[in-house]
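Keep the 3D view open as you read.

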Amino acid sequence: QVHLAESGGGLVQAGASLRLSCAVSGRTVDNYHMGWFRQAPGKEREFVAAISWRTDSTYYIDSVKGRFTISRDNAKNTVYLQMNSLKPEDTANYYCAAAWSGTSYGRLHMEREYTYWGQGTQVTVSS
């Protein structure tokens with residue numbers, strides 16, 4: 001069983017930065033593709049970013065490209081989401097998720113490809 005625990009959320013003003021962390025236990029993080037999703041009130045959960053298990057290739061939704069960076073520290077079994085230049089529309093509950101390494105890179109934006117999920121951490125950006 002893989003357990004994911006997010007942290008680092010909070011209330012910030014527009015333009016500020018936050019770094020979310022996702023601590024992975026139960027298995028080593030380098031066996032999985034890792035992703036971040038978010039869900040705003042009244043909206044469906046959406047893909048934000050992913051990092052592949054072997055090549056560390058990264059993928060982002062267009063609205064966060066150039067502002068967010070996903071990374072992983074295999075030694076700490078942790079995945080990060082560095083969020084810069086935050087906007088009010090980034091306000092959401094952010095979830096970390098793990099997908100089996102056999103998942104095609106082209107499917108990493110799909111919620112159903114992820115097997116394990118954290119409980120989420122709230123990010124609120126005020127204008």
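**Strands side by side**

Strand 1 (residues 3–7) and strand 3 (residues 18–25) run antiparallel and are joined by five bridges. Strands here are DSSP runs of E with at least two residues, numbered from the N terminus, and two strands pair if DSSP finds at least two bridges between them. Before going further, note that this is a predicted model, in which local features need pLDDT of at least 70 and side-chain atom pairs count only at pLDDT 80 or more, while totals for chains, interfaces and linings use all residues. Residues are numbered from 1 along each chain as its sequence is written, and side-chain values use heavy atoms, with hydrogens and water left out.

Within this pairing, Glu-6 has Cys-22 of strand 3 as its bridge partner. Strand 1 also shows two faces: Leu-4 and Glu-6 are on the covered one, whereas His-3, Ala-5 and Ser-7 are on the uncovered one.

**The disulfide**

A disulfide is a covalent bond between the sulfur atoms of two cysteines. The rule used here asks for a pair of cysteine sulfur atoms within 2.5 Å, and the count comes to one disulfide. It joins Cys-22 to Cys-96, with an S to S distance of 2.0 Å. The angle about the S-S bond is -80°, and the link of Cys-22 and Cys-96 is left-handed. This pair links distant parts of the chain, with Cys-22 in strand 3 and Cys-96 in strand 9, 74 residues apart.

Are the two cysteines buried or exposed? Buried means under 20% relative accessible area, exposed means over 50%, and partly exposed lies in between (1.4 Å probe, protein chains only). Cys-22 counts as buried because its relative accessibility is 0%, and Cys-96 counts as buried because its relative accessibility is 0%.

Val-48 is in strand 5 and is buried, with a relative accessible area of 0%. The C-alpha atoms of Val-48 and Cys-96 are separated by 10.0 Å, although these residues are 48 apart along the chain.

Why does Arg-72 count as buried? It does so because its relative accessibility is 12%. Its side chain reaches the backbone oxygen of Ser-52 at 2.8 Å, and a polar contact of 3.4 Å joins the side chains of Arg-72 and Asn-74. A polar contact is a pair of N or O atoms within 3.5 Å; within protein, one must be able to donate a hydrogen and the other to accept it, and residues adjacent in sequence count only if both atoms are side-chain atoms.

Strand 7 pairs with strand 8 in the antiparallel sense over six bridges, and Arg-72 stands opposite Val-79 in strand 8. The two strands, strand 7 and strand 8, form a hairpin with four residues between them, and Asn-77 in the turn has a positive phi of about 55°.

**Rings in pairs**

A pair of aromatic rings is described by the distance of the centres and the angle of the planes. Rings of Phe, Tyr and Trp (its six-membered ring) pair if their centres lie within 6.5 Å; planes under 30 degrees apart count as stacked, over 60 as edge-to-face and the rest as tilted. The whole structure holds seven aromatic pairs, including these:

| Pair | Centre to centre | Angle between planes | Class |
|---|---|---|---|
| Phe-37 and Phe-47 | 5.6 Å | 75° | edge-to-face |
| Phe-37 and Trp-117 | 5.0 Å | 55° | tilted |

Phe-37 lies in strand 4 (residues 32–39) and Phe-47 in strand 5 (residues 46–51), ten residues apart. Trp-117, in strand 10 (residues 116–117), is 80 residues from Phe-37. Phe-37 and Phe-47 are both buried, whereas Trp-117 is partly exposed, with a relative accessible area of 24%. Ring pairs link Phe-37, Phe-47, Tyr-114 and Trp-117 into a cluster.
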